[in-house]
Amino acid sequence: MSHWPLWLGATAWLLALFACGHALLLKRDPRAAWGWIVVCVMLPFGGVLLYFLFGINRVETRAHRLRPPRHTLGRGVGLDHERDARHRRSVSHERPAVPASFEQLARTADVITHRPLLDGNLVEPLHDGEQAYPHMLQAIAQARESVLMASYIFDVDKVGEQFIAALADAQQRGLKVCVLVDGFAELSLSRPCASRRLRQVGVDVQRFHPPRLLPPSLHLNLRNHRKLLIVDGELAYTGGMNISLRHMAQDPENNRPEHDLHFELRGPVVQQLAEVFGEDWRYAGGGDCPCPAQPPSEVEGGAICRVITDGPNEDLGQLTLILLSALASARSRVRIMTPYFLPPRELVAAMEAAVLRGVQIQILLPSKSDQGKMLRAMRHQLPHLILRGLRLYYQPPPFVHSKLLIVDDEYVLLGSANLDPRSLRLNFELVVEAYDRDFALRMARHFKELRKRSTLLHAKALQKRPLPSRLYDAVWWLFSPYL
C-alpha cells in the first residue's frame, strides 16, 4: 500500500508550520500575522505558496547596503537623541531655526530620517498638468548635464510622447538621462509600455520591481510611487502628478480628468532628492547616476526643507512617525487634502487627541474617485471620524488627486504619499517637509478656496443611507489593507 498520501500530508503540515513560524517571528502587525497563519493552515500548499510569493518582504535596497551602517544595534532612537544633542553642542553651526512649537517635530525627523534640515529653498506650487508639464518640459529642454526622472505611471499618450521626445532630445545632446518607471504600474496600462518606447529612442530606462517568473519576482504590492524630475542637480519637481493626459484637467481629449498638485523646488534640498533617486536607480539595476557633489546654492529667504522617504524596507513607518509628531505639534489647525483616506488606528487616535486639545482638523476628500472600491471603503469609517470631531468635506468632481498637509500655517508636508495602508506600509514614497510661513499661507488659501466649493459631511446623513449600501461599503473597508 502506497504511503504517498501520508508523506504528502506531512510535507504540507511541515511547510505550513514553517510559514506560520516565519510570519509569527517577522510580521510586525499581529493582524497580518494572524491572516497569513490562517491562510497557511487552511490552504495546504496553496497558502504556503501565496505566503512565499506575496507575504515575505524581500526588499533590502542595495543602496542601503552600500552605505555604512547607521548603528550597530538598530535604530536606537533614545540613544540617537542623546548623540544628536551632544553633536549639536559640539559643532559651531546650528541647523536652521524652526518655530518653537515645531522644535520637537524637527528633532524627531532629525533622528528618523538622518537627513538634515536645509535652509534657503524655493518651493513653487504648480496646479494640474496645464501648469506643471510646460515647466517640466522646458527644464528638460534647457538641461546642460543631466536629467533624472521617476514616475509611477508613465502613460504613452500625447503627454507621454512629449516627454519621450524631450528626453530623447536631451540624450542626443549628450546629457546623462536616467528614467525609472514602476514595473507593475507600467503593465497595468492599456497603451504600449513607456520603457519600450524610451529604449527605442536611446534613453537609459530601468523598471522598478518588474514582475517575472524566472527567477520568481512578483512584488505586486511593493511599488515605487515616487514622482521625481531632477535637472542638472539644481532644479527638481515632485508631488502627486504622474506623466499622463489625465492630469490635463482642461484638455477636451481627456475623458478622465484629475486635478492635482506638483511642486518646483530649487535650493539645497534638490541634492537630497537626487540622492533618493540615485538609491532607487541603483536598486533597480541602473548602477551609478549623476548626483551633485555639493548642494545647490541657497535661495535668500527660502523655506527650510527636508526629504522624507518611506517604504517597505529600512524606511518602513518613517512617514507615520512624522505624521504622528506633526499632529502632536499642532496648536490650532490641521488641514489635510488626500485622494485616499484610510488612516491606521494610531493616526486616527492622534487626530482625536488633537481635537480634544482644541485643534480644528479639516480634511478634503474627493466625492468621485478613480477607484470606486476605495471610495466605498473610505465612506464606511467617515461617520465615526465625524463624531470624533473631525470636519470632513467632499470636493466636487472631477477627481482630485492632490496630497497636502498644513499645520498651523507654518508647516507643509507635500509629495506622493496618500493616507492609506498602501502608501504607509507597501509603497516606496517620498515627501518633502517645508517650514515657511509664506508658503504655508499660500497653500492654506488654496485649501480654503477648495473647501468653499466642497460639501461638509454629516454623520447622520451617512448613517441613514440604505443598509445594502452601508454593508457594501463595510465589505470593501474589510479589505482596505489590500486596496
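The lining of the largest cavity comprises eleven nonpolar, four polar and one charged residues. This result, like those that follow, refers to a predicted model. The cavity has a volume of about 150 Å³. Of its 16 lining residues, K403, L404, L413, A417 and L419 are the closest to the centre. Two or more lining residues are contributed by each of α12 (318–329), β10 (333–337), β14 (404–407) and β15 (411–415). Strand β15 provides the largest share, three residues. In total, four cavities of 30 Å³ or more were counted.

The structure also holds 21 salt bridges. One of these joins the side chains of R306 and D110, with an N to O distance of 2.5 Å. Because R306 belongs to strand β9 (residues 303–310) and D110 to helix α6 (residues 103–113), the pair ties together parts that are 196 residues apart in sequence. R306 and D110 are both buried.

A further salt bridge is formed by the side chains of R173 and D169, at 2.6 Å from N to O. R173 is partly exposed, with a relative accessibility of 34%, and D169 is likewise partly exposed, at 37%.

The side chains of D473 and R376 meet in a salt bridge of 3.0 Å, N to O. This pair links distant parts of the chain, 97 residues apart: D473 lies in helix α18 (residues 467–478) and R376 in helix α14 (residues 372–387). D473 has a relative accessible area of 0% and is therefore buried, whereas R376, at 23%, counts as partly exposed. Through salt bridges with shared partners, R376, R379, R465 and D473 form one network.

Definitions and conventions:
Residues are numbered from 1 along each chain as its sequence is written. This is a predicted model: local features need pLDDT of at least 70, side-chain atom pairs count only at pLDDT 80 or more; totals for chains, interfaces and linings use all residues. Side-chain values use heavy atoms; hydrogens and water are left out. On a 1 Å grid over the protein atoms alone, a cavity is a set of points where a 1.4 Å probe fits but cannot get out, and a pocket is an open set with protein on both sides within 12 Å along at least five of seven lines; lining residues have an atom within 4 Å of a point. Grid points are joined across faces, edges and corners, and a volume is the space filled by probe spheres set on the points. Helices (H or I, at least four residues) and strands (E, at least two) are DSSP runs, numbered from the N terminus. Ala, Val, Leu, Ile, Met, Phe, Trp, Tyr, Cys and Pro count as nonpolar, Asp, Glu, Lys and Arg as charged, and the others, Gly among them, as polar. A salt bridge is a side-chain nitrogen of Lys or Arg within 4 Å of a carboxyl oxygen of Asp or Glu. Buried means under 20% relative accessible area, exposed over 50%, partly exposed in between (1.4 Å probe, protein chains only).
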